[in-house]
Amino acid sequence: EKGWYISWIDRDPAAVARQAAADKKRKDDMDDEQRRQKEVMRRVKAAGGVEEGDIPEATALKRGADDEKVSMSMSASGPAAKKPR
């Protein structure tokens, strides 16, 4: 198509300042979210050695039989057990 096309560019200082503030807020929000995600991944890696993209899945608790006893033993060993009272 031939011809002239006109588009309005709003160069009002107030409008430019509003747009700049909105862009900065959007960038800051995105940066905050990325920082949070990196911190969570760093903590997960430190805690369990999980690699990025390797998210563990929750599974149902499996129990052999309903009448089977559940036992648990606790022993006092390690640095916390040796603390004087």
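The chain exposes about 9,300 Å², of which carbon and sulfur atoms supply 55%. The model is predicted, and its secondary structure consists of 1 helix and 0 strands. Of the 85 residues in the chain, buried residues make up 2%.

A search of the whole structure finds 8 salt bridges. Side chains of opposite charge can pair when their charged atoms come close. Arg-26 is exposed, because its relative accessibility of 52% is over 50%. Asp-23, by contrast, has a relative accessible area of 34% and is partly exposed.

Two further pairs were identified in helix α1. Asp-29 and Lys-25 form a salt bridge with an N to O distance of 3.3 Å; these residues are 4 apart in the helix, so about one helical turn separates them. Lys-25 counts as exposed at 52% relative accessibility, whereas Asp-29 is partly exposed at 40%. In the salt bridge between Asp-32 and Arg-35, the closest N and O atoms lie 3.0 Å apart. The separation of Asp-32 and Arg-35 is 3 residues, again about one helical turn. Asp-32 is partly exposed, with 28% relative accessibility, while Arg-35 is exposed, with a relative accessible area of 52%.

Conventions: Residues numbered from 1 in each chain as written. Predicted model: local features only at pLDDT ≥ 70, side-chain atom pairs only at ≥ 80, totals over all residues. Heavy atoms only, no water. Helix = DSSP H or I, 4+ residues; strand = E, 2+ residues; numbered from the N terminus. Buried < 20%, exposed > 50% of the residue type's maximum accessible area, 1.4 Å probe, protein only. Areas by Shrake-Rupley, 256 points an atom, 1.4 Å probe, with all protein chains shown as cover. Salt bridge = Lys/Arg side-chain N within 4 Å of Asp/Glu carboxyl O.
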